[in-house]
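Dear colleague,

Please have the sequence and the structure open while you read.

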Amino acid sequence: MSGASLPGDRVRLGGVGCGNIAKLNVPGYLEHDRCDVVAVCDPVAELAKAAAEEWDVPKVYTDLDALLADDDVDAVEVLTPTHLHHDHVVSALQAGKHVSCQKPLGNTVEECRAMAAAADAAGRTLRVGECFYHYPPLERAKELIAEGAIGKPTNIRIRTVVGQTDAQFQRDLRPEGYGWRLDRRSPGGHLFDDMVHKYAMALWLADQDIVSVQAALRRRDLFFEPCNVIFEYEDPELLGSMEVSYAPQMWLRSSYYGADEFFEVQGDEGFLWVTRYTGELLDLAPVMLYRGKVEERSMVAFSDVDADWGTGFRRSSAHFVDALLTGGPAEMTAEQATKVLQLCFAVYQAGNSRQPVDPRTISGSVSPHGWAEW
Ligand SMILES: NC(=O)c1ccc[n+]([C@@H]2O[C@H](COP(=O)([O-])OP(=O)(O)OC[C@H]3O[C@@H](n4cnc5c(N)ncnc54)[C@H](O)[C@@H]3O)[C@@H](O)[C@H]2O)c1
């Protein structure tokens with residue numbers, strides 16, 4: 001969908017939901033020189049008012065339908081709880097708005113497909129805000145893979161550890177944002193919410209489908225997804241693995257959540273490492289490359305890459321505005337987001353059944369056995 005469906009040469013944006021993550025998503029819109037944040041909406045009036053005051057936004061709504069009826073709004077950023085995305089996204093598209101929706105796009109495969117169909121029917125852009133796509137160290141890693149820096153990729157490893165930190169950002173989170181994540185309104189809980197990013201990376205870094213998943217899941221306190229997963233890709237020479245572990249007694253240096261990630265892509269000529277994401281556990285350059293061909297061996301540390309977690313959010317918001325203005329691709333697409341959800345559910349199904357699962361066969365929704373039985 002091109003910028004031709006915009007009435008002017010700027011994007012007039014409405015922020016839908018002023019909860020915990022809005023403070024990271026909206027700044028990218030405020031900073032863009034061809035975007036105006038013209039309205040915010042939250043049924044919790046004090047949240048909407050406080051956001052409007054902080055960002056100098058002229059219009060404040062507590063009713064989504066009223067915001068969607070506002071002709072001064074061209075596009076919306078949907079920052080509401082995931083179980084509400086389907087209804088909010090479809091309403092916005094039917095009202096003629098372009099939509100950026102936070103990941104996960106929905107709670108079921110059918111919801112995601114219905115949202116994509118609504119965008120097609122309305123002739124409007126629907127993209128999913130996946131900040132990992134726009135995080136500079138991961139972008140650099142993907143470019144280096146495409147340039148052949150490590151030869152042919154043969155193994156992708158993604159590790160997440162969830163621990164604790166004392167960051168002001170985490171202390172300031174409103175506990176209300178965790179209710180809907182930890183009950184049956186979510187198919188997998190707080191870690192489902194986070195792990196979709198990593199499933200997205202398992203697909204995006206490889207640039208091909210995963211055809212089989214094997215998984216061992218464990219439950220820890222309220223959480224599932226301390227888990228180990230093996231991925232088989234379309235190319236039988238490429239394998240992947242993912243680990244998620246919960247370490248509540250482990251303090252992690254972080255400016256945001258108490259979590260950190262490590263990505264390793266091995267090729268037949270070298271290694272690429274992205275050494276952080278949410279936290280700052282390691283004193284290493286954010287991207288490191290080992291070129292291992294005998295005659296040209298080298299280790300390169302990319303120390304100059306912006307590795308702040310918040311940068312991925314700001315760049316993701318700017319990308320949506322640019323896509324609307326230029327008619328360029330708006331990533332992540334709804335189709336990609338649907339594959340991510342299928343991959344997540346395939347992991348749950350493989351853990352439940354102890355059998356390999358092809359994510360492409362997944363429909364509906366799957367939860368780990370015993371999910372939300374507390
Ligand atoms: N990209 C990331 O890394 C990232 C991180 C955290 C959350 N998220 C996603 O962002 C979304 C929001 O998460 P959160 O942590 O901010 O949740 P939250 O519960 O803190 O905030 C959601 C807000 O939406 C509001 N809301 C509910 N119904 C509404 C309606 N009809 N109209 C307008 N607002 C409405 C709520 O009142 C609340 O203030 C979720 O989908 C979550 O998965 C993404």
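In which helix is lysine 198 found? Please keep in mind throughout that this is a predicted model. Lysine 198 is found in helix α9, and at 0% relative accessibility it counts as buried, because that value is under the 20% limit. Leaving aside its neighbours within four places in sequence, lysine 198 is in contact with Phe132, Ile158, Thr160, Met242 and Glu261. Between lysine 198 and glutamine 342 there are 13 Å in space, taken from C-alpha to C-alpha, although the two are 144 residues apart in sequence.

Eight strands make up an open sheet with mixed pairing, in the order β8-β9-β10-β7-β11-β12-β13-β14. Its edge strands are β8, residues 210-220, and β14, residues 298-302, each of which pairs on one side only. On average, and with direction ignored, neighbouring strands of this sheet are turned by 15° against each other. At the β14 end, strand β13 (residues 287-291) runs antiparallel to β14 and is joined to it by five bridges; arginine 291 has serine 298 in β14 as its bridge partner.

Helix α9, which covers residues 190-206, lies across β7 (153-164), β8, β9 (223-233), β10 (239-251) and β11 (259-267), and runs at about 15° to β9. Helix α11, residues 334-353, lies across β8 and β9 and runs at about 65° to β8. The 20 residues of α11 reach 28 Å from the first C-alpha to the last, which is close to the 28 Å expected at 1.5 Å a residue. Arginine 354, which follows α11, has a positive phi, near 60°.

The aromatic side chains deserve a paragraph of their own. A search of the whole structure finds 14 aromatic pairs. One of them is formed by phenylalanine 192 and phenylalanine 345, which are stacked, with 6.4 Å from centre to centre and 5° between the planes. Because phenylalanine 192 lies in helix α9 and phenylalanine 345 in helix α11, this pair ties together parts that are 153 residues apart in sequence. Both phenylalanine 192 and phenylalanine 345 are buried.

How are the rings of tyrosine 257 and tryptophan 309 placed against each other? Their centres are 5.3 Å apart and their planes stand at 75°, so this pair is edge-to-face. Tyrosine 257 lies in the loop between β10 and β11, while tryptophan 309 lies in helix α10 (residues 309-326), so the pair ties together parts that are 52 residues apart in sequence. Tyrosine 257 and tryptophan 309 are both buried, and together with Phe169, Tyr256 and Phe313 they form one aromatic cluster.

Finally, there are charged ends placed over rings. The charged end of lysine 142 sits over the ring of tryptophan 204, at 4.9 Å from its centre. In the case of arginine 181, the charged end sits over the ring of tyrosine 178, and the distance to the ring centre is 4.9 Å.

With kind regards

Methods
Residues are numbered from 1 along each chain as its sequence is written. This is a predicted model: local features need pLDDT of at least 70, side-chain atom pairs count only at pLDDT 80 or more; totals for chains, interfaces and linings use all residues. Side-chain values use heavy atoms; hydrogens and water are left out. Two strands pair if DSSP finds at least two bridges between them. Helices (H or I, at least four residues) and strands (E, at least two) are DSSP runs, numbered from the N terminus. Axes are lines fitted to C-alpha atoms, for helices over the stretch in contact, and angles run from 0 to 180 degrees between N-to-C directions. Contact means heavy atoms within 4.5 Å. The expected span of a helix is 1.5 Å times one less than its number of residues. Rings of Phe, Tyr and Trp (its six-membered ring) pair if their centres lie within 6.5 Å; planes under 30 degrees apart count as stacked, over 60 as edge-to-face and the rest as tilted. Buried means under 20% relative accessible area, exposed over 50%, partly exposed in between (1.4 Å probe, protein chains only). A charge sits over a ring if NZ of Lys or CZ of Arg is within 6 Å of the ring centre and within 35 degrees of the ring normal.
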